[in-house]
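Please keep the sequence and the coordinates open while reading.

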Amino acid sequence: MQIEVKTFTVNKRFPLTISRGTTAQTTNVWVKISQDNIEGWGEASPFSVGTNPQSTEIIKDALLQVAPMLQAYNPLQRSPIEQVLTKVAVPSAAKAALDMAMHDWLGKYVKLPLWQLWGLDKNAIVPTSVTIGINTPEGARARARDWLQFTDVRIFKVKLGNPDGIVADQKMLLAVSEEAPHLELYVDANGGWSLSDAVEMCIFLADLGVKYVEQPLPRGQEKSLPELKQHSPLPIFVDESCFTSADIPHLADCVDGVNIKLMKSGGLSEAMRMVHTARALGLQVMFGCYSDSTLANTAAAQLAPLADYLDLDSHLNLIDDPFTGAIALDGKILPNDLPGLGVQYSAFTA
């Protein structure tokens, strides 16, 4: 198995601000594996949660280091390869790219799209939310209008956790609600609230008809989740607090659902394990993304029939996405019928 690693840079149409900062551009990593004249593709995008950020350079260096170790393996040997990657502590985003590429290779090998290989039903895919970052009320209104003009929007996911406090959060959310009263609203605080603020905001959000709140408390403050759940009229999902299936049992009694991201989990294999673990514990499931291109979001879309909620919109906000794959239709991100991931390289039109 031959492995090629290269980088590509993508730029957001609109910079995204969350409680931890603003992103306008990212450099992601494109992984290609090849054997028997079949090529499988995967993507790793950088992200930062807690004290161990996964930068582009860290991801790329890890992939280049491990590539020679994997040459003796076949892309069908995902389990032995996963053991190697775990043993040498490859970052989760790098693992995700390799696992994605091996799944793509497998689908092309058997000439089936992954969703069909797994026996899933594309008709079960729910609409995706599209994200409005932290902004002024006027800026949030403008961003809502931009989305509505650009694509078929069914749901807004509003980023809160404004450093200026929850009054600023409330004003911004009211502005979005007034601008698009016909749309469903989700809220993600990215760990930007204290426990007391989170309780107050959950009551406020429930009165506005918000569907759920994501990561209300910072990673590391999971001990406060039971008290928040006791007082919150809204379902609580965790993102930064949950990376892999091993995290889920510890959270099951104090949250309602988990946000699964390929970069956190380490790929489609672990994402599938997370789905089954969450379901066994009575939790709901959503799939999210970082600054992923169409490549990674199409991979996540292959599993989308298993999700209650989707937030796979990052590629929709790119002006120079080099890939085509899953299509946006009726507010949904739908995988196509091509084998594997169904992703093709297309360069881009700025």
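Two strands count as paired if DSSP finds at least two bridges between them. The model is a predicted one, and residues are numbered from 1 along each chain.

Strand S1 covers residues 2-18 and strand S2 covers residues 21-35; the two run antiparallel and are joined by 13 bridges. Together S1 and S2 make a hairpin, with two residues between them. Ile18 has Gly21 of S2 as its bridge partner. Elsewhere in this pairing, Ile3 stands opposite Ile33 in S2. As a general point, side chains in a regular strand alternate between the two faces of the sheet.

S2 also pairs with strand S3, residues 38-44, again in an antiparallel arrangement, and here the number of bridges is seven. Gln35 is bridged to Ile38 in S3. S2 and S3 likewise form a hairpin with two residues between them. In this turn Asp36 has a positive phi of about 55 degrees.

The next topic is charge. How many salt bridges does a search of the whole structure find? The count is 16. One of them joins the side chains of Lys122 and Asp337, with an N to O distance of 3.1 Å. Lys122 sits in the loop between helix H4 (114-117) and strand S4 (129-132), while Asp337 sits in the loop between strand S14 (332-334) and strand S15 (344-345), so this pair ties together parts that are 215 residues apart in sequence. As for accessibility, Lys122 is partly exposed, with a relative accessible area of 23%. Asp337, at 55%, counts as exposed because the cut-off for that class is over 50%.

Another salt bridge links Arg154 and Asp152, with 3.3 Å from N to O. Both residues are partly exposed: Arg154 has a relative accessible area of 36%, and Asp152 has one of 37%.

Is the salt bridge between Lys261 and Asp239 formed by buried or exposed residues? Lys261 is buried, and Asp239 is buried too. The closest N and O atoms of this pair are 2.8 Å apart. Lys261 belongs to the loop between strand S9 (257-260) and helix H10 (262-265), and Asp239 to the loop between strand S8 (236-238) and helix H9 (248-251); the pair therefore ties together parts that are 22 residues apart in sequence.

Salt bridges also occur as a network, which links Lys157, Lys159, Asp188, Glu214 and Asp311.

Empty space inside the model comes next. Rolling a probe the size of a water molecule over the atoms shows where such space is left. The structure holds one cavity of 30 Å³ or more. The space in the largest cavity is about 60 Å³.

Which residues line the largest cavity? The lining consists of Thr128, Val130, Thr151, Asp152, Val153, Leu316, Ala328, Leu329, Gly331, Lys332 and Ile333. By class, six of the lining residues are nonpolar, three are polar and two are charged. Strand S13 (327-329) and S14 each supply at least two residues of this lining. Asp152, the salt-bridge partner of Arg154, is among the lining residues.

Pro127 lies in the loop between H4 and S4, the loop that also holds Lys122. Pro127 counts as partly exposed, at 24% relative accessibility.

Ser293 is found in the loop between strand S10 (284-287) and helix H12 (294-302). Ser293 has a relative accessible area of 0%, so it is buried. The side chain of Ser293 makes a polar contact of 2.7 Å with the side chain of Glu43.

H12 itself is mostly covered, with nine of its nine residues buried. These are Thr294, Leu295, Ala296, Asn297, Thr298, Ala299, Ala300, Ala301 and Gln302.

Terms used. This is a predicted model: local features need pLDDT of at least 70, side-chain atom pairs count only at pLDDT 80 or more; totals for chains, interfaces and linings use all residues. Side-chain values use heavy atoms; hydrogens and water are left out. Helices (H or I, at least four residues) and strands (E, at least two) are DSSP runs, numbered from the N terminus. A salt bridge is a side-chain nitrogen of Lys or Arg within 4 Å of a carboxyl oxygen of Asp or Glu. Buried means under 20% relative accessible area, exposed over 50%, partly exposed in between (1.4 Å probe, protein chains only). On a 1 Å grid over the protein atoms alone, a cavity is a set of points where a 1.4 Å probe fits but cannot get out, and a pocket is an open set with protein on both sides within 12 Å along at least five of seven lines; lining residues have an atom within 4 Å of a point. Grid points are joined across faces, edges and corners, and a volume is the space filled by probe spheres set on the points. Ala, Val, Leu, Ile, Met, Phe, Trp, Tyr, Cys and Pro count as nonpolar, Asp, Glu, Lys and Arg as charged, and the others, Gly among them, as polar. A polar contact is a pair of N or O atoms within 3.5 Å; within protein, one must be able to donate a hydrogen and the other to accept it, and residues adjacent in sequence count only if both atoms are side-chain atoms.
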